[in-house]
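I opened this notebook to keep track of what I looked up, one entry per topic.

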Amino acid sequence: MTSIWQKDSKLPSFPQQKGKQKTGVLIIGGGITGILTAYFLKQNHVDCMLVEKGKLCNGTTAGTTAKITVQHGLLYHRLLKNDGIEFAQKYLQANQHAFASYEALCQTIDCDFVYQDNYVYAMDSRKKLEQELVALQKIGCSAAFCAHLPLPFPTAGAVMFPHQAQFHPLKFLAAIAEGLPIYENTFVKQLQGNTAITDTAEITADQVIVATHFPFWNRHGSYFLKLYQHRSYVLALEHAQNVNGMYVDASKTGLSFRNEKSYLLLGGGGHRTGKTGGNWTALRHFVKQYYPQAKECCAWAAQDCMSLDAVPYIGQYSSRTVKLYTATGFNKWGMTGAMLSAQLLCDLVQGKKNDFSDAFSPSRGILKPQLFVNGFETIKNFLSFSGKRCPHLGCALKWNPTEHSWDCACHGSRFDESGKLLNNPANGDCNF
């Protein structure tokens, strides 16, 4: 299950960390968020170190569809309604800053950066598209309604953001990572105060950033209630269609389209981790119906952390953890989410003011409808009978016949057939 990005790029290799070490800022997690954070810290001459449990970018970063856009579904109507105009404008501005940073960096990096218009379409209701357009107008964002799309099925139309972008994430990160103080195969099993313990090293830091996709330390932050995980699936197709843009269904379980050179990247089949869903079967059925001449060249999956209010958690790990930070809950928009996380965290560890820190604070209110859904799933799965339990919080593991894995519907940990950890928040293998 190798993505198209992994097939045609090579990341640099880094040594394992050993012995007793000290650093100013320790970054745990070698995906796009961790690497960008290390990059900006070094640009600011901050002593730092990044450790990754395996190889760089082997998780969600490798499974992205790599759309760089400030349009995150039909989110702005929801933000305006629930949080007010100032919050919605802050969210937009933070992501616009992230987009501009990609533009600047990609001018000097060969990473297939291409400007594209981005479309969020709806299958059933033009009304929700019109509501989004009204919200965007109120917060000062330019967008347009498109009635006709070059997709092979009818829609109710789409909200279009012009001049967004796509790129090759691993080519980009291979260039960014060069020369950074990175250590691979350095799995942090636990934190003892400001000291990270691995099998081969003890690393003491003045400040720690947990960039492990799902925060693994359960004592603080209540992330086991504030997050759930969602799997989605991608096919890379030859001889399919040039859609001339980037498209995503407003529904979480809908389809995504964008081209990468001669390939059409078709995404979808999504479901909550540990539940059943369409997966590659649904995508292949779609291809058979609409692109019968297409050839499947790659198939892969990704896993995304979903927050309670569709806004990432970026900042202090909890109100009680001084000098411990995290970034998570990107809700499938990890490219801009990673960039704004890196910039915000870089400011926070230096004690600098950041105008967006309050909007993304992990300590903001959690009384949202999704909280009760997450709580119900946790209780239900904790009480379910299963001979195989997740070492994270003891929930029942469910067999995933499509991906041949044992998955936890509570928090999204996944294990292979032998019990080896595939996805956190579990912080170790399962003894089957």
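**Entry 1: Leu191.** I looked up Leu191 and found a relative accessibility of 8%, so the residue counts as buried, the cut-off for that class being under 20%. I note at the outset that the model I am reading is a predicted one. Leu191 is located in strand β8. Leaving aside residues up to four places away in sequence, I listed its contacts as Ile28, Ala196, Val208, Phe216, Trp217 and Leu324. I also checked the distance to Thr204, which lies 13 residues from Leu191 along the chain, and the two C-alpha atoms are 9.7 Å apart.

Entry 2: I turned next to charged pairs, and the count for the structure is 15 salt bridges. As a reminder to myself, side chains of opposite charge can pair when their charged atoms come close. I started with Asp199, which is paired with Lys189 in a salt bridge whose closest N and O atoms are 3.3 Å apart. Asp199 sits in the loop between β9 (195–197) and β10 (201–210), while Lys189 sits in the loop between β7 (182–183) and β8 (190–192), so the bridge ties together parts that are ten residues apart in sequence. Asp199 counts as exposed because its relative accessibility is 65%, whereas Lys189, with a relative accessible area of 34%, is partly exposed.

Entry 3: Are Glu403 and Arg231 buried or exposed? I found Glu403 at 13% relative accessibility, which makes it buried, and Arg231 at 2%, which makes it buried as well. Their side chains meet in a salt bridge with an N to O distance of 2.7 Å. The pair links distant parts of the chain, 172 residues apart, with Glu403 in the loop between β18 (397–400) and β19 (405–408) and Arg231 in strand β11 (residues 228–238).

**Entry 4: Helix α12.** I moved to helix α12, where Glu377 and Lys380 both lie, three residues or about one turn of the helix apart. The two form a salt bridge, with 3.7 Å between the closest N and O atoms. Glu377 is buried, its relative accessible area being 8%, but Lys380 is partly exposed at 33%. Helix α12 covers residues 369–383 and includes Leu383, which counts as exposed at 67% relative accessibility. I noted that Leu383 forms a nonpolar surface patch together with Ile379 and Phe382, and that the accessible area of the three together is about 350 Å².

**Entry 5: Helices α4 and α5.** My last entry concerns a helix pair, and I recall that two packed helices are described by the angle between their axes and the distance between the axes. For helix α4 (residues 75–83) and helix α5 (residues 85–106), I read an angle of about 145 degrees and axes 7 Å apart. Which residues meet in this contact? From α4 I wrote down Leu75, Tyr76, Leu79, Leu80 and Asp83, and from α5 Ile85, Phe87, Ala88, Tyr91 and Leu92. The residues of the contact of α4 with α5 divide into nine nonpolar and one charged, with no polar residue.

Methods
Residues are numbered from 1 along each chain as its sequence is written. This is a predicted model: local features need pLDDT of at least 70, side-chain atom pairs count only at pLDDT 80 or more; totals for chains, interfaces and linings use all residues. Side-chain values use heavy atoms; hydrogens and water are left out. Patches are made of residues with over 30% relative accessible area and no salt bridge: like charges are joined within 9 Å, nonpolar side chains (Val, Leu, Ile, Met, Phe, Trp, Tyr) within 5 Å. Accessible areas come from the Shrake-Rupley method with a 1.4 Å probe; for residues, only the protein chains shown count as cover. A salt bridge is a side-chain nitrogen of Lys or Arg within 4 Å of a carboxyl oxygen of Asp or Glu. Helices (H or I, at least four residues) and strands (E, at least two) are DSSP runs, numbered from the N terminus. Buried means under 20% relative accessible area, exposed over 50%, partly exposed in between (1.4 Å probe, protein chains only). Axes are lines fitted to C-alpha atoms, for helices over the stretch in contact, and angles run from 0 to 180 degrees between N-to-C directions. Contact means heavy atoms within 4.5 Å. Ala, Val, Leu, Ile, Met, Phe, Trp, Tyr, Cys and Pro count as nonpolar, Asp, Glu, Lys and Arg as charged, and the others, Gly among them, as polar.
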